Amino acid sequence: MSNLQFQPLSSCVDASFWHKLTQMKLDVFKINDAPVPITGYFPAGARQGLPASRFFVDHDAFTTDVVPAAPLHHFRVPGTLVNTNTLADFGSYDKDAMMSRNVAKIWEAITSGQALQNPSMLAAFSLLTFADLKTYNFLYWFAFPALLTSTGPQPLDQPAQPLLDLWPQEAWAALTPALADSPVHILAGPVDHPEVIPFADLVKHTQAHPPTADEPLTLVVADPCERPDVAGWPLRNVLACVQHYLITPETPVRVICYRPAHLPSSAVLRLRLSPLGHVEGLPKAVGWER
């Protein structure tokens, strides 16, 4: 059986981001090229006819003290911006070190438990830019780190099943408000009356209800992909986080790739996950946008 496939994110930079970056460069950053916090957001699904797996930054990216709400069916995540001063600096910037810093943040969020409380930290990104304010040309490169684990998810069946073949649409209409506050949740209870449980309760839930083949651990993960046979990029770090807290080999897990922007495209994957085991230093990662 082939490995689970993930669709990479594709950046979409709104013109308002460059306008705000120009202001920040002139009034705040000046020649300071130290990393600064920003935010971006991705959609859970894509409306028919629109591109999928997009990742957006706009003028709100720089508002980090009171983080603005993301648009409907989108989830905002933290990131780090490095704005270089020259084209040469942009080209020679140590991108491996930049990726490592981001991976360290994600790994710290996982091992400390912060990612259980705030799953958006699992999708932390990096953005390297150069703004030529004489010609108004802008160069940029995104990194969306995905941790590489030695024991990856093992699909139990393919292709994935459509969500609405397994749960009635009416049940999901009732769950929509409860699923809007975070990109990751746990689902429990009967099919006709499911219960949404915070991701923060992962350890407590799996201890109280050890996953079995008939009653697997069920995750609801906001998914920017639209393909029935492929999962979205953010799922990779969610699974790595779950693996960090597992104690039982080959735990059965059911993942609902939740796409409320076009609910019929939501898919259900059945996987086996094993504990990560000891990780020396930082996990390896991939994720520079191509």
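Before I start, a cut-off to keep in mind: a residue is buried if its relative accessible area is under 20%, exposed if over 50%, and partly exposed in between. I'm working from a predicted model here.

**Entry one: aromatic pairs.** I looked up how many aromatic pairs there are, and the structure holds 15. I picked Phe55 and Phe142, whose rings sit edge-to-face. Their centres are 6.1 Å apart, and I got 70 degrees between the planes. This pair links distant parts of the chain, with 87 residues separating the two. I found Phe55 in strand 4 (residues 54–57) and Phe142 in strand 7 (residues 137–147).

Next I checked accessibility. Phe55 comes out at 1%, so I put it down as buried. Phe142 is buried too, at 0%.

Is Tyr140 buried, exposed or partly exposed? Its relative accessibility is 35%, so Tyr140 counts as partly exposed.

One aromatic cluster is formed by Phe17, Trp18, Phe55, Phe62, Phe125, Phe138, Tyr140, Phe142 and Phe144.

Last, I looked at Trp233. Arg236 lies over the face of that ring, and I wrote down 4.7 Å from the ring centre.

Methods. Residues numbered from 1 in each chain as written. Predicted model: local features only at pLDDT ≥ 70, side-chain atom pairs only at ≥ 80, totals over all residues. Heavy atoms only, no water. Phe/Tyr/Trp six-rings, centres within 6.5 Å; stacked < 30°, edge-to-face > 60°. Helix = DSSP H or I, 4+ residues; strand = E, 2+ residues; numbered from the N terminus. Buried < 20%, exposed > 50% of the residue type's maximum accessible area, 1.4 Å probe, protein only. Lys NZ or Arg CZ within 6 Å of the ring centre and 35° of its normal.
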